[in-house]
Amino acid sequence: ESDTFRYPIHIGSNLLQSNQVWDGLVKQLSPSSFFIITDTNVAKRYLDRLQSQLEQYAQTDYMVVEAGEASKSFVTYERLLTYALKQGFDRSTVIIALGGGVVGDLAGFTAATYLRGVPYIQIPTTLLAHDSSVGGKTGINHSEGKNMIGAFYQPAAVIYDVTTLKTLPEHEWRSGMAEVIKHGFIQNTKLLQSVKRTVSTPIGDINAESIENILYTSIDVKRQIVERDEKEKGERAFLNFGHTVGHAIEAELGYGEITHGEAVMIGMMVALKVSEHYYEVDLASNSWCEDMKSLGFSVRIPASCDSRSLIERMKRDKKSLQSDIRMVLLPSLGVPNLVKVDSTFIENILKEELEEV
Ligand code: NAD
Ligand code: ZN
């Protein structure tokens, strides 16, 4: 068995300042120092809190990168390495990723490669990062494509302080919730019911316990799938449900125009319809679309997208072989399957799913 998941995942309130959690980790890792990597939005809210906690144990330095996808770059990566070298961080320095998926991927890749690898701890502060912080994929972008440079490198621990989620903007909240819903569609249909109950509550009113439960279940789906297929040779591809169309929409609109999860939600609704046609089954796709709309998602492909060019992008998707379109479909809810689909077949469905102008 792999030791991929020997690391602890703590989920709870006020964990940034939890002596119990940190005492244990410090005992286990004996850090010579800490190096916190965070972004501008997160730093102004949570950096002080974490820094004063960590300073009790060891010298604590930090670097704040610009918030946003553009920081997953060679330039920022090199700047982090240069800082680390100048500070003289050694193999016992523990890197801390304090932020969303951008910081997690960037700091994780820095940890994977600095001095051939130092331990790192993921402290996700977005809902989406429940997905990115587990599974060990780290990396940065290249001008030829997103996430093209990276490493599989597992964290020493994941500390999810759900208190930090309260300041998340609503579209970022939806972005992460889409990945939760994805985990529901591919493996745990009960999760879909708890999401419906929880998400219809205004964000400020959601109690910590229900969000902790949702995160726990959603992380567990991802954990199980990744454990069975760490290096993405088979089953891990199921995690791409909704992503073939979702990635194409993100690229077509331009990154940043729509959040990742919001694009994936549209992709999932299209994948449900494709599944119904492909398997000649009824998955109640129309009623799922209505449910998702009532949770604040849009479910139609934006009118500015062109179906032909979406198809071209889907053919180039890195998860596809050559020019076939490979897509995760559901013969029934909770049961994913990776299939090769004819592009004309999909294009006809895409045309129906385009928003009317
Ligand atoms: P992000 O890290 O850019 O965070 C979204 C926005 O929220 C940013 O502006 C950030 O500054 C802000 N923010 C973060 N925490 C906040 C808080 N508590 N309060 C207020 N604002 C806060 O984006 P994301 O959606 O978390 O992650 C997207 C990235 O994750 C992409 O780069 C994607 O490629 C990557 N990803 C990686 C994996 C993986 O397996 N490694 C999986 C999915 C996504
Ligand atoms: Zn995703």
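Mentor: Let us start with the rule for naming directions: angles over 145 degrees count as roughly antiparallel, while those under 35 degrees count as roughly parallel. Please keep in mind that this is a predicted model.

Trainee: Which two numbers describe a pair of packed helices?

Mentor: In general, two packed helices are described by the angle between their axes and by the distance between those axes. Here, the axes of helix α7 (residues 189–199) and helix α8 (residues 208–228) come within 11 Å and cross at roughly 150°, and therefore α7 and α8 are roughly antiparallel to each other.

Trainee: Is the crossing of α7 and α8 left-handed or right-handed, and which residues make the contact?

Mentor: The crossing in which α7 passes α8 is left-handed. On the α7 side the contact is made by L191, S194, V195 and T198, and on the α8 side by S210, I211, N213, I214, T217 and S218. Sorted by class, the residues of this contact are four nonpolar and six polar, with no charged ones.

Trainee: Turning to the ligand, which residues come nearest to ligand 1?

Mentor: Ligand 1 has 29 residues around it, of which N41, A67, G100, G101 and S132 come nearest. Two or more residues of the shell are given by each of α2 (40–54), α4 (101–113), α5 (129–132) and α6 (170–187), and the largest share, four residues, comes from α4.

Trainee: How does the shell around ligand 1 divide by class, and from which domains does the shell draw?

Mentor: The shell around ligand 1 has 14 polar, eight charged and seven nonpolar residues, and at least three residues come from each of domain 1 (9–167) and domain 2 (172–353).

Note on methods:
Residues are numbered from 1 along each chain as its sequence is written. Chains are lettered from A and ligands numbered from 1 in the order in which they are written. This is a predicted model: local features need pLDDT of at least 70, side-chain atom pairs count only at pLDDT 80 or more; totals for chains, interfaces and linings use all residues. Axes are lines fitted to C-alpha atoms, for helices over the stretch in contact, and angles run from 0 to 180 degrees between N-to-C directions. Angles under 35 degrees count as roughly parallel, over 145 as roughly antiparallel, 65 to 115 as roughly perpendicular and the rest as oblique. A crossing is left-handed if the near helix is turned anticlockwise from the far one by less than a right angle, and right-handed if clockwise. Two residues are in contact if their C-beta atoms, placed from the backbone, lie within 7 Å. Ala, Val, Leu, Ile, Met, Phe, Trp, Tyr, Cys and Pro count as nonpolar, Asp, Glu, Lys and Arg as charged, and the others, Gly among them, as polar. A residue is near a molecule or strand if its C-beta atom, placed from the backbone, lies within 6 Å of it. Domain bounds come from an automatic or database domain assignment.
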